[in-house]
Amino acid sequence: MEVLIREHAEAGCILGAKIIARVVRDKPTAVLGLATGRTPLRLYQELIRLHRDEGLDFSRITTFNLDEYVGLPATHDQSYRYFMRENLFQHINIDQGRTHVPDGTAADIHEECRSYERKIEAAGGIDLQLLGLGRNGHIGFNEPTGSLRSRTWVKILSEQTLRDNSAVLGSLAAMPKHALTMGIGTILDARRILLLAFGPAKVRAVERMVEGPLAAICPGSALQLHPRATMILDENSAAGLQYADHYRWIDSQKLPWQRYE
Ligand code: GLP
């Protein structure tokens with residue numbers, strides 16, 4: 001894992017946007033895996049700025065989002081399809097037909113999962129998958145103890161996740177209890193991983209993901225298996241890392257071609 005610690009989330013998001021922008025410039029037909037949640041919002045704003053001010057071109061980019069709540073239509077203001085349109089897609093020159101979010105209202109939800117996998121494969125696989133991290137270590141909606149080799153599937157949300165996300169959805173009662181999510185196997189197939197985790201609430205999950213044992217109890221720890229995973233943290237989320245100084249040292253010794261900024 002490449003662990004990059006920045007003082008604040010702001011710098012981390014700008015760095016994350018730089019990494020994605022480089023992928024988009026190097027490969028204008030890239031396939032991006034995208035995430036929702038509060039964490040990537042600032043990164044998306046920076047991508048929008050790069051599009052507006054520097055002409056970053058998304059016209060041939062394809063995207064696949066990680067997950068979606070079961071039962072929420074694309075028009076629902078808490079659906080992830082809605083989130084992506086509001087916070088990114090409508091502000092850049094992406095072809096909406098190339099943007100994919102699992103359909104939480106599909107009549108045959110299992111077929112929707114299988115078809116999502118087929119679509120990712122048909123697009124040539126994901127070049128870079130952006131991830132956030134749940135307080136309990138989940139990635140996508142892969143909650144603790146799920147299979148580390150899972151493919152896109154339906155998951156029941158943990159009580160912790162329901163509590164955390166109900167702040168966004170308004171109330172616990174309003175929260176869908178199920179979601180469609182790329183599996184951990186799906187995520188690990190991406191050619192590159194970029195995970196962002198900020199703030200003190202993520203400190204334990206970060207510690208277990210980066211330095212803990214590879215174990216289904218912390219789904220994020222599966223990323224230890226990935227040959228090209230970059231974790232962007234802030235001082236708060238990195239506070240529990242035993243080897244924080246080592247990661248800083250590595251970061252400071254990079255050759256020019258290994259640097260992003
Ligand atoms: C949600 C999403 C995840 C996200 C995580 C963290 O449940 N399914 O993809 O990474 O929770 O959310 P936040 O960034 O708001 O802390």
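Visitor: By class, how many charged residues does the lining of the second largest pocket have?
Guide: This is a predicted model, where local features need pLDDT of at least 70 and side-chain atom pairs pLDDT 80 or more, while totals for chains, interfaces and linings use all residues. Numbering runs from 1 along each chain as its sequence is written, and side-chain values use heavy atoms, with hydrogens and water left out. A pocket is an open set of points on a 1 Å grid over the protein atoms alone where a 1.4 Å probe fits, with protein on both sides within 12 Å along at least five of seven lines, and lining residues have an atom within 4 Å of a point. Counting Asp, Glu, Lys and Arg as charged, the lining has four nonpolar, no polar and, for the charged class, seven.

Visitor: Where does the ligand sit?
Guide: "Sits" here asks that more than half of the molecule's atoms lie within 2 Å of the pocket's grid points. By that test, the ligand's place is the largest pocket.

Visitor: Which side chain has an N or O atom 2.5 Å from an oxygen atom of the ligand?
Guide: Polar contacts are pairs of N or O atoms within 3.5 Å. Asp 67 comes within 2.8 Å of a ligand nitrogen, and His 138 puts a polar side-chain atom 3.1 Å from a ligand oxygen. The 2.5 Å pair, though, belongs to Thr 39.

Visitor: How much of the ligand's exposed area does the protein bury?
Guide: Areas come from the Shrake-Rupley method with a 1.4 Å probe. Taken alone, the ligand exposes 390 Å². Of that, the protein buries 94%.

Notes
Polar contact = N/O pair within 3.5 Å; in protein donor to acceptor, adjacent residues only side chain to side chain.
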